[in-house]
Amino acid sequence: MKVLVATDKPFAAVAVEGIKKELDNAGIEMILLEKYGEKSKLIEAIADVDGVIVRSDILDAEVLNAAKKLKIAVRAGAGYDNIDLAAATANGVCVMNTPGQNSNAVAELVFGMAVMMARNGYNGTSGTELKGKKLGIHAFGQVGRNVARIAKGFGMEVYAFDPYCPAEVIEAEGVTALTDINEMYATCQYISLHIPATPETKKSINYDLLNRMPKGAVLINTARKEVVDEEQLVKLMEERADFRYISDIKPDNAPVFAEKFEGRYFFTPKKMGAQTAEANINAGIAAARQSAGFLKEGIDKFRVNK
Ligand code: 3PG
């Protein structure tokens, strides 16, 4: 049996060693395809394997249709918007993610970027502190919970909005649960996004919502660029000189930010949230275990398609 590790943005070498060891122990051969750049190389490599482990790599219908022997695809990470679930199901492929395995890394980046923005990009001018500021966590999943934990260490006042998470669960973490999204945006100077990219959430972070945020607003996006309505964000930032945006990956209209909003934005050049050795090891090894468990014993815990 063979499992392909297809990562255009590679894992740390130590994580790849761990994945190989897990698969070796299960008697599965690991095939490694890193920095492949072109989809044709992925299509070629996936044709002959029983399983595949990916990160944000795109597994669309064309790729999945070419994967004649594929039975399991594991997204080593949380968001599986990069995988066409219907095409996977049609091809008899089980899709899983590895929830929680890289969430601390993403949460730490939230604060790495927030402090940098609060200190004006370390440009020598007097900045501000996070202590005492109100932070709104939009979606209280694994990353949101880690963000809450760290925010309390900074002395922030923490709020969360998540219609899918019971208020008691949020309150148990010492966070104020809000049931009205508008109230959270109107209350919090800092908002951190942790919603998945789905047809419902795409472009849902729009002008009306963001314009409710108080003076000195900072929007932090370590979720997906697609959830923000970029055109409306630009309109808002043109109108409000106090509004700042930090995002773990460039928006499509990044040149407009460079031209108009100097010092009021920061974008990582490549998605960096989960890019730590620890997160790579945790998510990579979990993905290897889940692949082996499925191929050898049919265990489909963490399955996300029907
Ligand atoms: C995730 O959904 O797990 C994160 O966005 C990390 O994605 P990455 O593996 O592409 O860095």
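## A walk through the predicted model

F154 is found in helix 6, which covers residues 142-154. Helices here are DSSP runs of H or I with at least four residues, numbered from the N terminus. This is a predicted model, in which local features need pLDDT of at least 70, side-chain atom pairs count only at pLDDT 80 or more, and totals for chains, interfaces and linings use all residues. Residues are numbered from 1 along each chain as its sequence is written, and side-chain values use heavy atoms, with hydrogens and water left out.

Stay with F154 for a moment. F154 counts as partly exposed because its relative accessibility is 31%. Buried means under 20% relative accessible area, exposed means over 50%, and partly exposed lies in between (1.4 Å probe, protein chains only). F154 and G132 are 22 residues apart in sequence. In space, their C-alpha atoms are 8.3 Å apart.

Now turn to the ligand. The residues around the ligand are K9, R55, S56, R75, G77, A78, G79, N102, R224, K271 and A274. Ala, Val, Leu, Ile, Met, Phe, Trp, Tyr, Cys and Pro count as nonpolar; Asp, Glu, Lys and Arg count as charged; the others, Gly among them, count as polar.

Look at the polar contacts (pairs of N or O atoms within 3.5 Å). A polar side-chain atom of K9 lies 2.7 Å from a ligand oxygen atom. For S56, a polar side-chain atom lies 2.3 Å from an oxygen atom of the ligand. G79 uses its backbone: a polar atom there is 2.8 Å from a ligand oxygen atom. Taken alone, the ligand exposes 320 Å², and the protein buries 94% of that (Shrake-Rupley method, 1.4 Å probe).

Next come the spaces in the protein. On a 1 Å grid over the protein atoms alone, a cavity is a set of points where a 1.4 Å probe fits but cannot get out, and a pocket is an open set with protein on both sides within 12 Å along at least five of seven lines; lining residues have an atom within 4 Å of a point. A volume is the space filled by probe spheres set on the points.

The second largest pocket holds about 540 Å³ of space. It is lined by 21 residues, and S56, D57, I58, I249 and K271 are the closest to its centre. Its lining divides into five nonpolar, three polar and 13 charged residues.

The largest cavity holds about 30 Å³. Its lining residues are N221, T222, A223, R224, K225, S247, D248, I249 and K271.

Note on methods:
A residue is near a molecule or strand if one of its heavy atoms lies within 4 Å of it. A polar contact is a pair of N or O atoms within 3.5 Å; within protein, one must be able to donate a hydrogen and the other to accept it, and residues adjacent in sequence count only if both atoms are side-chain atoms. Helices (H or I, at least four residues) and strands (E, at least two) are DSSP runs, numbered from the N terminus.
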